[in-house]
2 protein chains.
Amino acid sequence: MTIDFRFAVNVTPKPGILDPQGRAVEGLLSHLGIEGVSSVRIGRRVELTVAAADEDTARSTAARLAAEVLSNPLIEAFGLELIGATSSTTSPAATGDGR
Amino acid sequence: MTIDFRFAVNVTPKPGILDPQGRAVEGLLSHLGIEGVSSVRIGRRVELTVAAADEDTARSTAARLAAEVLSNPLIEAFGLELIGATSSTTSPAATGDGR
């Protein structure tokens with residue numbers, strides 16, 4: 001039996017890295033009459049489900065995916081956030097274990 | 001005196017909305033030998049600072065920005081997350097570069 005762990009991977013530009021999208025949003029604010037907003041930084045949020053026997057295994061799979069696929073370590077940092085867990089009695093599809 | 005509230009706005013595709021980027025990531029996984037990952041959904045994470053007298057005022061400013069600028073309400077949902085608060089005695093600089 002495996003447990004389905006739902007993670008969020010929050011990817012943000014590292015401090016000091018230019019963020020042109022964030023600057024563009026700041027430029028819009030005065031036109032909209034929204035005041036007092038600063039330091040806008042735009043990143044990605046990826047939510048995904050990892051089927052694993054325990055949380056540590058699931059977390060290391062999610063961290064590997066975050067580091068190798070979802071972020072560029074030169075300019076971005078990521079954080080992992082566990083947002084849910086549900087036990088599943090069916091075996092995960094497409095793992096092809098064959099036993 | 002105002003308080004600087006730091007919020008994260010998490011924008012995710014609504015359930016049922018196609019997410020081609022998420023599908024592309026899922027397609028990569030078998031090549032990388034990462035197994036057991038499913039339901040990948042890719043959204044945005046925007047972090048911003050709102051200077052306001054109290055948390056309710058700051059939260060409503062952040063919510064307005066999230067709904068009008070940072071998300072498309074037809075296909076995306078957003079959540080607000082308070083990630084920090086610091087009282088500031090100086091007025092907020094328009095070009096502050098974050099933490």
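A residue is called buried when its relative accessible area is under 20%, exposed when this is over 50%, and partly exposed in between. By that cut-off Arg45(A), at 5% relative accessibility, counts as buried. Please keep in mind that every close-up below shows a predicted model.

**View: the fold of chain A.** If you take the contacts in chain A between residues at least 6 apart in sequence, 78% of them join residues at least 24 apart.

View: Chain A has a mean pLDDT of 89, with 88% of its residues at 70 or more. For the complex, the predictor reports an ipTM of 0.83 and a pTM of 0.84.

**View: the two copies and their axis.** Chain B is superposed on chain A by a rotation of 180° with 0.0 Å of shift along the axis, and the RMSD is 0.0 Å. The two copies are therefore related as by a two-fold rotation axis. Which residue of chain B comes closest to the rotation axis? That residue is Arg44(B), whose C-alpha lies at 2.0 Å from the axis.

**View: the surface where chain B meets chain A.** On this interface, 39 residues of chain B touch 36 residues of chain A. Together the chains bury about 3000 Å², with 58% of this on carbon and sulfur atoms. On the side of chain B, the most area is lost to chain A by Ile34(B), Arg45(B) and Leu65(B), which together account for 16% of what that side buries. The copies meet through the same surface, because 87% of the interface residues of chain B are interface residues in chain A as well.

**View: polar pairs and elements at the interface.** How many salt bridges does the rule find across the interface of chain B and chain A? The count is 0, while 14 residue pairs, both partners at pLDDT 80 or more, are in polar contact across it. The elements of chain B that give two or more residues to the side touching chain A are β1 (2-13), α1 (20-32), β2 and α2 (55-70). Of these, β2(B) supplies the largest share, 15 residues.

View: Over all chains, the structure holds 12 salt bridges. One of them joins Glu81(A) to Arg45(A), with the closest N and O atoms 3.5 Å apart. Glu81(A) sits in strand β3 (residues 76-88) of chain A and Arg45(A) in strand β2 (residues 37-52), so this pair ties together parts that are 36 residues apart in sequence. Glu81(A) is partly exposed, at 24% relative accessibility, whereas Arg45(A) is buried. A network of salt bridges links Arg45(A), Glu47(A) and Glu81(A).

**View: Glu47(B) in its strand.** Glu47(B) has its place in strand β2 (residues 37-52) of chain B. Is Glu47(B) buried or exposed? At 5% relative accessibility it counts as buried. The side chain of Glu47(B) is in polar contact with that of Arg45(B), at 3.1 Å.

**View: Glu76(B) and Arg44(B).** A salt bridge joins Glu76(B) to Arg44(B), with 2.4 Å between the closest N and O atoms. What parts of chain B does the pair tie together? Glu76(B) belongs to strand β3 (residues 76-88) and Arg44(B) to strand β2, so the link spans parts that are 32 residues apart in sequence. Glu76(B) is buried at 16% relative accessibility, and Arg44(B) is partly exposed with a relative accessible area of 27%.

View: The side chains of Glu26(B) and Arg23(B) form a salt bridge, at 3.4 Å from N to O. Both residues lie in helix α1 of chain B, 3 residues apart, which is about one turn of the helix. Glu26(B) counts as partly exposed at 22% relative accessibility, and Arg23(B) is exposed with a relative accessible area of 58%.

Notes. Residues are numbered from 1 along each chain as its sequence is written. Chains are lettered from A and ligands numbered from 1 in the order in which they are written. Side-chain values use heavy atoms; hydrogens and water are left out. pLDDT is the predictor's confidence in each residue, from 0 to 100. Copies are superposed by least squares on the C-alpha atoms of residues with pLDDT of at least 70 in both. Contact means heavy atoms within 4.5 Å. Helices (H or I, at least four residues) and strands (E, at least two) are DSSP runs, numbered from the N terminus. Buried means under 20% relative accessible area, exposed over 50%, partly exposed in between (1.4 Å probe, protein chains only). A polar contact is a pair of N or O atoms within 3.5 Å; within protein, one must be able to donate a hydrogen and the other to accept it, and residues adjacent in sequence count only if both atoms are side-chain atoms. Buried area is the accessible area (1.4 Å probe) that two parts lose on being put together, summed over both. A salt bridge is a side-chain nitrogen of Lys or Arg within 4 Å of a carboxyl oxygen of Asp or Glu.
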